[in-house]
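Here is a short briefing for a reader new to this structure. Please look over the sequence and the model first, then read on.

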Amino acid sequence: MEQETRETPLERRVRLGRIQRRDIQRRLAELAFGRANDCVKLVLEDSPQVDALDLSLLSEVKRNEKGTVEVKLIDRLQALEALSGMVGNEEGEMKAFFQALRGGEDG
């Protein structure tokens, strides 16, 4: 017996080419300003309910044989840069702001 898979609204919009600019802006804002609490719960709780956790900020999890856990989150600065480019802020001011956040490094 084949299991029927249901298409999510997002999957449907992607398939139909209906993802809009505001969808991307909203998602970038969620990534840039989201909370990482659920990512921490994932590694600290003994039996986390993974399906109930928002792990969208999670990039990588490593656990070594000694039990040390390393959690890597997405680069929020990149999400902020992409978001600022979409909302039309003054490019020169934003470029200087992001350069200052990086400690004066170019790029």
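Lys72 is partly exposed, and its relative accessible area is 40%. Its side chain meets that of Glu60 in a salt bridge, with N and O 3.7 Å apart. This is a predicted model. The points below start from that pair and then move to other parts of the chain.

**The salt-bridge network on the strands**

- The bridge between Lys72 and Glu60 links distant parts of the chain. Lys72 sits in strand β2 (residues 69–73), while Glu60 sits in strand β1 (residues 58–63). Twelve residues separate the two.
- Together, Glu60, Lys62 and Lys72 form a network of salt bridges.
- How open are the other two members? Glu60 has a relative accessible area of 28%, so it is partly exposed. Lys62 reaches 43% and also counts as partly exposed. Both values fall between the 20% limit for buried and the 50% limit for exposed.

- In which sense do β1 and β2 pair? They pair in the antiparallel sense, over five bridges.
- Arg63 stands opposite Val69, a residue of β2.
- Five residues lie between the strands of this hairpin. Gly67 takes a positive phi there, near 95 degrees.

- Are the two partners buried or exposed? Asp38 counts as buried, because its relative accessibility is 17% and the cut-off for buried is under 20%. Lys41, at 38%, counts as partly exposed.
- The count of salt bridges comes to five.

- How many of the eight residues of helix α1 (residues 9–16) are buried? The number is zero, so the helix lies largely in the open.
- Just after α1 comes Gly17, with a positive phi of about 70 degrees.
- Leu10 is found in α1. With Val14, Ile19 and Ile24, Leu10 makes a nonpolar surface patch of about 340 Å².

- Arg21 has its place in helix α2 (residues 21–33).
- Which residues does Arg21 contact, leaving aside its neighbours within four places in sequence? They are Gly85 and Met86.
- Arg21 and Met86 are 65 residues apart in sequence. In space, their C-alpha atoms are 8.3 Å apart.

**Confidence in the model**

- The average pLDDT of the protein chain is 81. A score of at least 70 is reached by 79% of the residues.
- Where is confidence highest, and where is it lowest? It is highest in β2, at 93. It is lowest in helix α5 (residues 91–101), where the mean is 62.
- β2 is also the strand that holds Lys72, the residue that opened this briefing.

Terms used
Residues numbered from 1 in each chain as written. Predicted model: local features only at pLDDT ≥ 70, side-chain atom pairs only at ≥ 80, totals over all residues. Heavy atoms only, no water. Buried < 20%, exposed > 50% of the residue type's maximum accessible area, 1.4 Å probe, protein only. Helix = DSSP H or I, 4+ residues; strand = E, 2+ residues; numbered from the N terminus. Patch = residues over 30% accessible without salt bridge, like charges linked within 9 Å, V, L, I, M, F, W, Y side chains within 5 Å. Areas by Shrake-Rupley, 256 points an atom, 1.4 Å probe, with all protein chains shown as cover. Salt bridge = Lys/Arg side-chain N within 4 Å of Asp/Glu carboxyl O. Contact = heavy atoms within 4.5 Å. Pairing = 2+ DSSP bridges. pLDDT = per-residue confidence, 0-100.
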